[in-house]
Amino acid sequence: MELYHNQVTRAQGSFSLRMFHRSWGIMMIQENISAPCTVLDFPTRDDFARELRRNHYDVVGISAIIVNVAKVREMCRMVREISPGSTIVIGGHVAAIPGIDKMIDADHIVRGEGIAWMRRYLGEDDTAPIRHPAIVSGMRTRIMGIRLPERKGATAATIIPSVGCPMGCNFCTTSAFFGGKGKFVNFFETGDELFEVMGRMEDELKVSSFFVMDENFLLHRERAMRLLDRMKESGKAWTLSVFASANAIRKYTMQELVDLGVSWLWMGLESPRAGYTKLSGTDTRDLTRELRAHGIRVQGSTIIGLEHHTPDNIVAEIEHAVSHNTDFHQFMLYTPVPGTPLYQQMLEEGRLLRDVDYADVHGQFKFNFKHAAISREDSKRFLDWAFWRDFEMNGPSLYRIARTLMTGWQRYKDSPDARVRGRFAREMHRLGGIYSSALWAMERQFQRVDRGVSEKIHSLREEFRRESGIVSRLLPAVLGPVLLWTTRREERRLAGGKTYEPPTILERRNWVEA
Ligand code: B12
Ligand code: SF4
């Protein structure tokens with residue numbers, strides 16, 4: 001249930017950013033129906049059985065993605081055994097598996113958007129406005145061997161303006177699941193609606209930072225610019241983390257992005273030879289450099305094993321990706337996933353590998369198809385190497401985001417715009433001392449591994465010392481050695497096979513105790 005450690009910082013050892021994320025799809029459904037409803041997130045088998053015994057449920061909805069189909073099968077079996085009167089509804093990406101109805105024992109399998117479906121099923125108005133639940137984007141954050149304290153307002157709120165993406169790249173499962181090319185489902189059409197939702201979240205969760213879960217947020221320029229107008233009118237210095245394709249980013253000036261509060265940007269960095277329209281006409285290395293120079297953290301995402309990749313060219317392609325020197329870099333195997341045009345094509349060409357467990361079809365292990373030039377075993381080697389190479393060349397992501405914050409701070413600390421100035425000052429004030437201490441520990445840890453990286457970290461630490469207030473200047477002397485100790489302890493724990501699991505969370509709504 002982790003994003004970074006699963007697929008972004010997985011090679012960074014104790015410097016890997018660890019945190020869990022809730023299941024937002026079922027939170028959205030719960031918030032938008034008037035029936036009494038329980039959400040049980042990350043249940044163990046015992047938790048699930050206990051809840052089914054404790055209450056009578058007319059409907060048991062199960063949300064899953066494709067990798068978890070075996071768990072869905074087992075949960076259906078348990079429902080039939082413990083609560084035979086319940087109707088079982090399955091939703092989420094797992095519904096795209098061909099023949100799923102024969103693999104599991106369920107009454108309804110729902111493909112695509114689930115709020116409207118559930119409202120219709122319960123006899124409610126499926127066109128009523130969407131109410132956004134209060135979602136804290138991550139929990140139990142852990143880095144360098146310590147779990148960060150959970151203070152209200154310290155973690156961004158997740159905002160989900162839409163599902164799907166009209167770009168329709170052939171491998172893209174979220175685009176395909178919600179209608180494919182040219183289609184998507186908007187929950188909040190306008191910048192005004194979005195502004196209202198964000199304002200409500202600001203009040204409820206005490207946040208000023210938002211993780212915007214929209215596949216291509218910047219593509220909808222009119223909505224984004226209206227949001228900016230409203231932010232300016234009311235002096236909101238909000239921070240936004242967004243997903244966007246390079247060609248959508250290019251619709252904005254850097255100033256517009258900074259004014260909008262964009263501070264973290266997830267963008268696809270496929271090889272220019274792959275020919276995806278989302279990258280057309282853009283030099284992504286220049287773009288990345290420019291974004292970071294304006295204090296915007298960039299998370300790159302690169303696919304390994306595209307059709308034109310061969311053992312001879314793939315190293316150069318990975319080097320090209322790594323040379324972007326992003327703050328974070330995700331690598332994923334090219335993967336035909338059920339429901340996508342790519343899957344259909346591979347099926348027709350007879351290239352899907354048989355006997356690959358669905359639990360392994362997720363892009364972080366090995367190919368599930370016959371590649372023209374790269375074997376299944378080698379796909380894993382190249383993928384693992386890409387993560388290592390990025391870490392080796394660019395250092396820990398924690399160092400990189402500190403670098404980007406410092407650059408942004410130096411550029412905008414005297415900005416004439418109070419909102420922009422305030423945003424960077426807030427981040428610097430909140431994180432300056434913490435980053436300085438982390439850099440202190442990183443510098444020492446890397447003296448053992450790579451002196452070059454250690455020296456780069458040292459000079460950034462010096463910049464933080466010069467730019468920080470007195471508390472932040474003193475903090476590393478105390479916190480630095482503690483972090484160094486916890487980092488080394490974490491390395492030993494991880495080497496010993498330690499793993500982390502999310503807690504079970506139970507939330508009831510419209511509930512009256514009998
Ligand atoms: C947040 C997220 C995560 C979180 C998961 C948190 C959690 N508790 O599940 C983290 C970061 C941990 C994660 C991990 C992984 N993820 Co993920 N993740 C996402 C992401 C970015 C957002 C999901 C989301 O909330 N969307 C918004 C909500 C509103 O949409 P939704 O969940 O689809 O729900 C709607 C419908 O599907 C439906 N619905 C959903 N549930 C139900 C239930 C019922 C009963 C009904 C009727 C309807 C219904 O209604 C909802 C409202 O319309 C998606 C990409 C995306 N944009 O969706 C990928 C995605 C879901 N993840 C994916 C993958 C592959 C993974 C990993 C395997 C990656 C990896 N290699 O490690 C792991 C697996 C984790 C696991 N063991 O399950 C794939 C799934 C592919 C597939 N076709 O199955 C996606 C689609 C990304 C992609 N494009 O490839 N992920
Ligand atoms: S631009 Fe990104 S989200 Fe949109 S279809 Fe392509 S891969 Fe999917």
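I shall speak about a pocket, then salt bridges, and finally a surface patch.

Please bear in mind that this is a predicted model. I begin with the second largest pocket, which holds about 1500 Å³ of space. Its lining comprises 45 residues, and those closest to the centre are Thr141, Leu148, Ala154, Arg430 and Leu431. Among the elements that give two or more residues to this lining are strands S6 and S11 and helices H16, H17 and H19. Helix H17 contributes the most, with 7 residues.

I turn now to the salt bridges, of which the count is 42. Which residue forms a salt bridge with Glu31? The partner is Arg509, with the closest N and O atoms 3.6 Å apart. This pair links distant parts of the chain, since Glu31 lies in helix H2 and Arg509 in strand S16, 478 residues apart. Glu31 counts as buried, because its relative accessibility of 15% falls under the 20% limit. Arg509, at 23%, counts as partly exposed.

Within helix H15, Arg381 and Asp378 are 3 residues apart, about one turn of the helix. Their side chains meet in a salt bridge at 2.3 Å, N to O. Here Arg381 is exposed, at 53%, whereas Asp378 is partly exposed, at 24%.

Lastly, the surface. Ile470, Val471 and Leu474 form a nonpolar patch with about 330 Å² of accessible area together. Val471 belongs to helix H19 and counts as exposed, at 60% relative accessibility.

Terms used:
Residues numbered from 1 in each chain as written. Chains lettered and ligands numbered in written order. Predicted model: local features only at pLDDT ≥ 70, side-chain atom pairs only at ≥ 80, totals over all residues. Heavy atoms only, no water. Patch = residues over 30% accessible without salt bridge, like charges linked within 9 Å, V, L, I, M, F, W, Y side chains within 5 Å. Areas by Shrake-Rupley, 256 points an atom, 1.4 Å probe, with all protein chains shown as cover. Salt bridge = Lys/Arg side-chain N within 4 Å of Asp/Glu carboxyl O. Helix = DSSP H or I, 4+ residues; strand = E, 2+ residues; numbered from the N terminus. Buried < 20%, exposed > 50% of the residue type's maximum accessible area, 1.4 Å probe, protein only. 1 Å grid on protein atoms, 1.4 Å probe; cavity = no way out; pocket = protein on both sides within 12 Å on 5 of 7 lines; lining within 4 Å. Points joined across faces, edges and corners; volume = space filled by probe spheres on them.
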